[in-house]
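Hi,

Here is the structure I said I would pass on. Have a look at it first, and then read my notes below.

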Amino acid sequence: MMQALGYDAFGILIKAHSGDPIGSNNDFIPHQFVRHLFLPVEKSGKVRVIHNIDKLSLVTLHSSTILVNVSDVVATTTDITSCAGFVWLIGNRSEVDKDTKRILSTFKVIVE
């Protein structure tokens, strides 16, 4: 959608993180807040239960992916490549903050 508006969001993100000028389009003003959450595996072991997120209760949910399954053997999360999954939230900041707290308090990977 952003490309249709003349913005390459991924390209802009890379340029901003690299310290490069974003371009001559200085009139861009974001209207929403975005957060990318990585869901942790808190303990190594064999997955017995996954207490997943309640997608219907999240006002700002854009998308989510759970990368682990029951019976998988997992290691404790140490970086983004070892997480249990991730969630993208988009909306006004206060709603994103509320959904973040809700997700982090309910999502759990139970291992033996």
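This is a predicted model: local features need pLDDT of at least 70, side-chain atom pairs count only at pLDDT 80 or more; totals for chains, interfaces and linings use all residues.

Is S64 buried or exposed? S64 counts as buried, because its relative accessibility is 18% and the cut-off for buried is under 20%. As for its surroundings, leaving aside residues up to four places away in sequence, S64 touches I53, K55, F86 and V87.

Now to the charged pairs. How many salt bridges does the structure hold? There are four, and I'll go through some of them here.

One of them pairs R35 with D97, side chain to side chain, with 2.9 Å from N to O. R35 is part of strand β1 (residues 33-39) and D97 is part of helix α2 (residues 93-106), so this bridge ties together parts that are 62 residues apart in sequence. D97 itself is partly exposed, at 28% relative accessible area.

D97 has another partner as well: its side chain meets that of R93 in a salt bridge, at 3.9 Å from N to O. Here both residues belong to helix α2 and are four residues apart, about one turn of the helix. R93 is partly exposed, with a relative accessible area of 48%. Through shared partners, the salt bridges join R35, R93 and D97 into one network.

Then there is E112 with R48, whose side chains meet in a salt bridge at 2.7 Å, N to O. What does this pair tie together? E112 lies in the segment after β6 (108-111) and R48 lies in strand β2 (residues 45-51), so the bridge links parts that are 64 residues apart in sequence. E112 counts as exposed, because its relative accessibility is 58% and the cut-off for exposed is over 50%. R48, on the other hand, is partly exposed, at 37%.

Cheers

How values were computed. Residues are numbered from 1 along each chain as its sequence is written. Side-chain values use heavy atoms; hydrogens and water are left out. Helices (H or I, at least four residues) and strands (E, at least two) are DSSP runs, numbered from the N terminus. Buried means under 20% relative accessible area, exposed over 50%, partly exposed in between (1.4 Å probe, protein chains only). Contact means heavy atoms within 4.5 Å.
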